[in-house]
Each structure stands twice: as structure tokens, then as C-alpha cells.
Amino acid sequence: MSNWWKERVVYQIYPRSFQDSNGDGIGDIPGIISRLDEIKELGAGIIWLSPVYKSPDVDNGYDISDYRDINPKFGTMADMEQLFAEAEKRDIKIIMDLVINHTSDEHDWFQKSREKDSPYRDYYIWQPPNADGKAPNNWTSFFMESAWEFDAKSGEYYLHLFHEKQPDLNYRNPKVIEEIKEIMHFWMKKGAAGFRCDVINVIYKSSFDDGIHRMAVTGREHFVSQEGMHEILKELRRDVLDNYDCFTVGESAMVSLKDARLLCNPERKELDMIFYFDHLQVDRLIEKYIPKKFKASKLLNILTKWQQGLDWNAVYLENHDQPRIVSHYGNDGEFWERSAKMLATLLLTLKGTPFIYQGQEIGMTNFDYTSISQMDDLETLGVDRLLRSFWVPAFLRWKWIMPCSRDNARTPMQWSDKLGAGFTTGEPWLGINKNHTRVNVEEQKSRATSIWNFYKNMIILRASNETLKYGDFAPVYSDKQVIAYTRTIQGDEQYAIILNFSDNPGATPFEGSLIGKVVVTNTGRDTYDGTLKPWEAVVLKVW
């Protein structure tokens, strides 16, 4: 099996917000097909497709009611088969979102499991009330509520680590694992080239004892990165994935480097890569919602831990669960374009497979929300309830939530400056940012110095450069606003990357590995003298 996934760049599509083809305000599969040439032109060779399966859409498709059918909002199975075929013509691979910690409560398995004598009863995690007639334990969900829901029909509680309409599957039941294998085979035979595995490190629950009380996700010590999870992944690899030339990337909540090494060690045959989160929480005090001051030096420390700690990284700055990076770590005002290019330089000079989220390549910003009533996201609304329970005043809740809500990344793709942003001719399912009149693909493709063209050129550079793909990573310098690191293939070549995360000028020691020929810059300079303009990125060829 080849490691083609190390050579390519991944482009994540959030289907409902990408391209609407029929004017109903919801993106769809025919819309994706119509944009494949633009994805190819950008330079991406893999698409990660967020869920398109049949779903009641309580959590935007991450609540699946039928893994072998397509949500009618997005199209038909024939449309999906056409997408695979058209992508293959362009040498674009597609990985599917494998959401197997939970299903929708409308899935046929769950509806049947509500009968105590049903053969599907043990497909889910059912527990009787405790001695006081309440929930079986004190666990809380990732959406900030009790992780248990009482079902009157069966007289017991079922577990849901996410929304109450997303019951967790029971991986102690071998029949569940066999069902998942068949689903994976189904999509691999359709044309999938692998899977992004949703919250994969919480699928196995080692016990149902009370957890240590925490502000969020109480009980995590019983379900995050448990040994049983590793055994399941090995089985899925052996019985399914090893039969195909494919790759897997796992979303892993609260993962440590030690756990990540176990998950990604090629000899253990579990996952090929994982997504971790701590590089995006440098300016967060608690999870991602309570802020603190950003320090570039801390970012470099975290990047170094992962870059040197794993043989191969899944490198990303944005996805459907994170705010827009130019609004988070950049400056989406005066230095919007320069800081977006600086962040592109960071993404595409780290060791690993780069993941670009739709709209990131044009510097899409957080949405111009004015009220929580405009938001659709379950996590956002759950955080608001939790903070309200701690008597946090409304103005402060909004100050914390607005820049971090997942809805910031879910607003429709900005293709043009026209009404509907070229996304739809109808009423969009979620608001379109007013700045689409100046931030859009059409404008940027026509301008050589745009963010879109900067991404395209950086992808070309990475594709042709073994050092930027496979070279060793080493930190060189950092302070509160500037970081510098090198990528090196010993005896062959070294590059230095220097980045300023600030509105203020910066500087680095002008010596050793920070002297060389300028290969890339986002300011147009052709020499480097140790000083940096605000939000400047410089890539040097040292030797």
C-alpha cells in the first residue's frame, strides 16, 4: 500500500454550506460536482466530505438514521456515485465522515432497541435508574447536559455523549462491530478512499461508575482513549481497511501525545493520523470558550510537541467545529489579507498532511452575528446554558461565545459578490456574511496577489519540495509574537520559516539558520534582514 495521502492536500467540504444547485438554500452533491474543477485548480487532491447520509439533521448530519442512504436535502445515491466518478476523472480522492460513536435516535436499530426483548437491545447502552430513580451516573455530555436520557417506553436510560437524539452505540456487542464493518465495506466499494473517524477515541466505555466532577464532560476518565477502543480499531483495520488502498484520520477528543502515539503507530495498525486540538487553544483558558492572552511562544511549544512527537501529523487550522483562523489567530480587519497568507504559510510548511477547510483559501472570516438567536449550533446553545447556570451575565456570555461558535465556520461559501454569494439563488439555511461582496472566490481567482493564489502557489511549492513534505521540524526562535522553525533533510536541504503573529513589527536574531535566500514572503520583499513587518511570513532556503 502506498502512502499517497502524505503527498496530497485535503480540502474539507461541509456540504450544506458549499454549493446549492437547486435554489433551496442548502448545499448539495450536484453543487459539489459543479465545483470539482476549482478544487483541482487550487491543488487539493483529496476531499474530506462531511456527512451526507440520511439524517433528521438535529446535529447537521452527525446524527445518522441510515448509513447506506443519502439525505434527500443533498441529493440521491446516484448523485453520490456520480461525485465519486467525477472526482476520479480529476484524480481527486474522497474520504467519508465515519460517525460511529452514535447514531440518530431515528435509526432503525435504536427504535428496535427500545423493546427490552429485542435482538437490537444491546446495540445501545441502556441502564436502569439508580436507587434514587435518577440517571445511572453523573456523566455529562459534550453538549453540557446529562449524558443520560430516560426512555418511558423501555423504562430505562440510554447513554448519549452528545445530543439526546444521538444515542451511543455499544461496542461491547460484537454484532455492532460487524455492522460497522459492513458499512465501511459498502462505502469503500462505492469509491471512498478512506474515512475521517468522528470522535473515535470515545467509542469504548470501560465502566459506568461515577466520574470525577468537572465543569464539562464529567466521566471522561471512563470513555476517553480506553484500551477497548484500540482493540476495536485494530479489528476494523484488519478486517476492512487492509483490503483497500486507503487512509484514516481520527478526530480524538482530549487526546494526549502518549495516546496519540498508540493510535498512530504504524506497527499497531490502528489509524494513520489524528486531529488534536491544543494548538488551537493557545488563547483559551477553559476548552475553547473562555479566553486568555495569545502568546506565539506557547503556540510554537505545542507545535513542536506534536511535530516531533508523531511521525506524521494531520495539519489543520480550521474545520467545521472551529472558528475561522484569520479571525482567531490573525487580524480580520486592517491586516486581513496579510495575516491570512501568514497563516497559510504556517499550515503548508508543517510536517504532515495539510487540511484546508472550505473558505479558508479566500480568508473567510467569522460571521457578523449580533445575537445568539441567529445561531443554529447545538454546542453553542449548550455552552450558553452552562454559563447561564453559573450566573455569567449575558454580555459576557456573548463576548466569549460569539468568536468561538461553530456556526462561524458553517456560513455559506462565498463564491461571488452577488446576492446569495454565488452559493444559492434562494434563502440560505444559515446567514451569509455581508463581507462576501469583497471576500469571494471570483474576485480572488482573478487577482494574482490574492489569498487564493497564495494558497495555490504554496500548495505547488509543497508538492515539489521533499524537505517541506518530509523534512525534520525544529524550533529556532520564539517570543510573544514571533515564531521561527526549520524543516531539514540532513545532508541535503534546510528551510527556515519565520512568522509574525502581531499588528506590530517584530524581529529575530539575524544569525545561523535564519539567514538565507527568500523563497516565499507575503509582503513582496526579496531579502531578509532580521526584521519583520506586522503579520509577515518569510520562508528562507538556508542551504
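Q: In this predicted model, are Tyr11 and Phe18 buried or exposed?
A: Tyr11 is buried, and Phe18 is buried too. The label requires a relative accessible area under 20%.

Q: How many aromatic pairs does a search of the whole structure find?
A: It finds 33.

Q: Why is the pair of Tyr11 and Phe18 called edge-to-face?
A: The ring centres lie 6.1 Å apart, and the planes meet at 70°. Pairing needs centres within 6.5 Å, and edge-to-face needs planes over 60 degrees apart.

Q: What makes the aromatic pair of Trp48 and Phe275 stacked?
A: The centres are 5.6 Å apart, with 25° between the planes. Stacked means planes under 30 degrees apart, so the label holds. The pair links distant parts of the chain: Trp48 is in strand S2 (residues 46-49) and Phe275 is in strand S11 (residues 273-275), 227 residues apart.

Q: Why is Trp48 called buried?
A: Its relative accessible area is 1%. The cut-off is under 20%, so Trp48 qualifies. Phe275, with 2%, is buried by that rule as well.

Q: What places the charged end of Arg16 over the ring of Trp429?
A: The charged end sits 5.6 Å from the ring centre. Arg438 lies over the face of Trp336, at 5.4 Å from the ring centre.

Q: What makes strand S16 and strand S20 edge strands?
A: In the open sheet, the order is S16-S17-S18-S22-S20. Strand S16 (472-478) and strand S20 (517-521) each pair on one side only.

Conventions
Residues numbered from 1 in each chain as written. Predicted model: local features only at pLDDT ≥ 70, side-chain atom pairs only at ≥ 80, totals over all residues. Heavy atoms only, no water. Pairing = 2+ DSSP bridges. Helix = DSSP H or I, 4+ residues; strand = E, 2+ residues; numbered from the N terminus. Phe/Tyr/Trp six-rings, centres within 6.5 Å; stacked < 30°, edge-to-face > 60°. Buried < 20%, exposed > 50% of the residue type's maximum accessible area, 1.4 Å probe, protein only. Lys NZ or Arg CZ within 6 Å of the ring centre and 35° of its normal.
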